[in-house]
Amino acid sequence: MRIGKVTESVLNRSVLKLIKSDSNKKSAAGRSDCAYSLDEKGSTIMTAVSTFTAISEEAAYYAVHNAANNIFCDGGKPLMAVLNVMLPVDTEEAELKVIMRRAIAATNELGIAVEGGHTEVTDAVSRPMITAVVTGEKSSQFSEKKSYAGLDIVMTKWAAVEGTAILASECAEKLSERLPDYMIREAQDFKKLVSVRRDAEIALENRLEQPGCNSCEETSACRETSGVVFLHDISSGGVFAALWDIAARARCGIEVYLKKIPIRQETIEITNHLGLNPYQMISGGSLLILTDDGKGLVRAYEEAGINAEIIGVTTDSNDKKIINDDEVRYLDKPQPDEILKLAGITSADFMVQ
């Protein structure tokens, strides 16, 4: 099989189908990025997992935040993290300390702690592989709709924020041949944008309430929101993969305008120089949101100081269209994340070793 996340057909055929065929359990697989269970008090407990294999000194930091982002997107609050760290045989102890410091930095930002895990040196991996499992408690939920057609698609922050931060750190020497140092430093600081905590909070504040909900004192208060019905964090595979995911989960088509997808100039310059596609690159920190009122939601984000744009609409067809002026292309199934190409780049004049 190819490198990266398994294809949708393989996932459905060899993973989700087997989970769903288990008659003893009702599974959330395929409907959410989190697993659910009930504790003894009846509270909904959520669990999300993220494995980070891309070359980055910040791998543990990103793994923790990516798992926590799944919790935020499903209306939950992270409670704790557990780490699984697999190290190649030539790893020095100092490298393990760096991994743990990065993980702890992320949990500190989230207000949680690393409560346990597993650490192993093995010849089964050629570089560190960090898996973060974040557990949370569900506090909010979205109203189900019979049809998700005719909704605005809103995107927060910018495409490839996380990938840009990784490239700016790992390829700084190569990038300095063409780009000014201040731009590289600013791109490295994109690391600070990888959490969707506030993005998700605003979406939840504007969610379409369940009929008869108790979340507001008057029914009119529900109608004053922006009618958010679905949100999905943009992670591995980038914006294009996330667009495919929301269309598949919402069982609708999409029409997205390429030039409406927000992207920073730093990302454009860096990905152009390295020959990578920013729309297929890991984008932790950004959300895709389906809402009845895109303009109202964008205003809510602007008031909070968060960049947001309406990038398209959902349709009642199965077509997944990307429109660029007069050119229309149909979205491909999710491809391997562009950031994984770093793993195959060994030239000393391309990447800092």
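Guide: Let us start with the residues of helix α9 that are buried: G238, V239, F240, A241, A242, L243, W244, I246, A247 and A250. Buried means under 20% relative accessible area, with exposed over 50% and partly exposed in between, using a 1.4 Å probe and protein chains only. Helices (H or I, at least four residues) and strands (E, at least two) are DSSP runs numbered from the N terminus. Since ten of the 13 residues of α9 are buried, this helix is largely enclosed by the rest of the structure.

A word on the model before we go on. It is predicted, so local features need pLDDT of at least 70 and side-chain atom pairs count only at pLDDT 80 or more, while totals for chains, interfaces and linings use all residues. Residues are numbered from 1 along each chain as its sequence is written, and side-chain values use heavy atoms, with hydrogens and water left out.

Along its length, α9 reaches 18 Å from first C-alpha to last, close to the 18 Å expected at 1.5 Å a residue; the expected span is 1.5 Å times one less than the number of residues. Just after the helix, R251 has a positive phi of about 55 degrees.

Now for the sheet. Seven strands form an open sheet with mixed pairing, in the order β7-β9-β6-β10-β8-β11-β12; two strands pair if DSSP finds at least two bridges between them. At the edges stand β7 (228-233) and β12 (327-330), each with a single partner strand, so one side of each is left without a neighbour in the sheet. Direction ignored, neighbouring strands are turned by 25 degrees against each other on average. Axes here are lines fitted to C-alpha atoms, for helices over the stretch in contact, and angles run from 0 to 180 degrees between N-to-C directions.

Within the sheet, β8 (residues 253-257) and β11 (residues 320-324) run parallel, joined by four bridges.

Lastly, confidence: pLDDT is the predictor's confidence in each residue, from 0 to 100. The chain has a mean of 85, and 78% of its residues reach 70 or more. By element, β6 is highest at 98, and helix α8 (residues 219-223) is lowest at a mean of 41.
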